[in-house]
Amino acid sequence: MTLKVAPSILSCDFSRLGEEIRAVEAGGADWIHVDVMDGHFVPNITIGPVVTESARRATKLPLDVHLMIAEPERYLEAFAKAGADVLTVHQETCPDLRRVIARIHSLGVKAGVAVNPATPLETVRHVLADIDLLLVMSVQPGFGGQSYIPTSTEKLEEARRLLDAAGSRGELEVDGGIDVGNAATVAAVGATVLVAGSAVYRHVGGAAEGVRAIRKAAESGAVPTPP
């Protein structure tokens with residue numbers, strides 16, 4: 001699969017949402033990542049369908065909507081109507097993942113499943129053949145700007161093996177602390193979608209250059225040597 005960079009608008013200036021999205025488009029972003037938090041499943045509260053709809057009007061790029069919320073099935077239709085191309089739910093919030101995945105697909109949207117750092121991948125093995133995306137969280141969900149958890153690399157390797165064994169054509173996405181220092185590492189072990197927020201929107205050269213820097217690092221194959 002082609003490597004994709006998905007800037008997270010969680011780190012952008014929401015007063016200039018359209019401009020911020022156009023900036024990462026100019027840098028070659030592949031997807032726009034939308035982090036939805038409810039203050040229940042995670043401690044932070046961010047955005048909902050209204051802002052997602054505004055993002056949809058601002059871009060033709062796929063909207064990758066990550067639902068870090070309790071009872072996500074209650075809101076699937078609203079986010080689909082708002083323009084989501086991918087809806088990702090958390091294993092930890094869905095007792096019946098198959099049913100939720102089927103519901104997402106029935107809305108004409110691609111279905112993703114996310115797992116927190118402490119959640120074993122074995123808990124999602126039974127749905128790997130049914131999903132379009134597996135998201136491995138490499139930080140504790142809830143806030144931007146956190147550092148990458150080093151053990152996430154092994155988890156990504158395992159996720160790649162499990163997806164391949166299941167015959168899945170789903171993307172392997174990684175979200176949390178991705179920057180130029182670890183982009184090559186996660187790409188080397190099989191991640192195909194790299195979500196980056198702070199590393200893009202707080203890049204000294206601007207957001208467009210932030211996207212280019214992440215892609216260049218990921219595609220370089222130059223995995224940093226541990227100190």
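Some ground rules before the details. The model is predicted, so I keep local features to pLDDT of at least 70 and side-chain atom pairs to pLDDT 80 or more, while totals for chains, interfaces and linings use all residues. Residues are numbered from 1 along each chain as its sequence is written, and side-chain values use heavy atoms, with hydrogens and water left out.

Overall dimensions, then. Along the principal axes, the C-alpha atoms fill a box of roughly 45 × 40 × 30 Å. Of the residues, 54% count as buried, meaning under 20% relative accessible area, with exposed over 50% and partly exposed in between, for a 1.4 Å probe and protein chains only. Take the contacts between residues at least 6 apart in sequence: 65% of them join residues at least 24 apart, a contact being heavy atoms within 4.5 Å.

Secondary structure comes to eight helices and eight strands. These are DSSP runs numbered from the N terminus, helices being H or I with at least four residues and strands E with at least two.

Now the sheet. The eight strands form an open sheet in the order E1-E8-E7-E6-E5-E4-E3-E2, with parallel pairing; two strands pair if DSSP finds at least two bridges between them. E1 (4-7) and E2 (32-37) are the edge strands, each with a single partner, so one side of each has no neighbour in the sheet. From one strand to the next the twist averages 25°. Axes here are lines fitted to C-alpha atoms, for helices over the stretch in contact, and angles run from 0 to 180 degrees between N-to-C directions.

E8, residues 193-196, pairs with E1 in the parallel sense over four bridges, and Ala6 stands opposite Val195. Helix H8 (207-220) lies across E1 and E8, at about 145° to E1.

Ala191 lies between helix H6 (183-188) and E8, and it counts as buried because its relative accessibility is 4%. Leaving out residues up to four places away in sequence, Ala191 touches Leu3, Leu172, Val174 and Val186. Leu172 is 19 residues from Ala191 in sequence, yet their C-alpha atoms are 5.0 Å apart.

Last, helix H4, residues 97-106. Which of its residues are buried? Leu97, Val100, Ile101 and Ile104 are. They sit on the same side of H4, because they cover an arc of only 100° around the axis, judged by the directions from the helix axis to the C-beta atoms. What do they pack against? Helix H3 (76-82), strand E4 (86-90) and strand E5 (110-115). H4 lies across E4 and E5 and runs at about 145° to E5. Just after H4, Gly108 takes a positive phi of about 80°.
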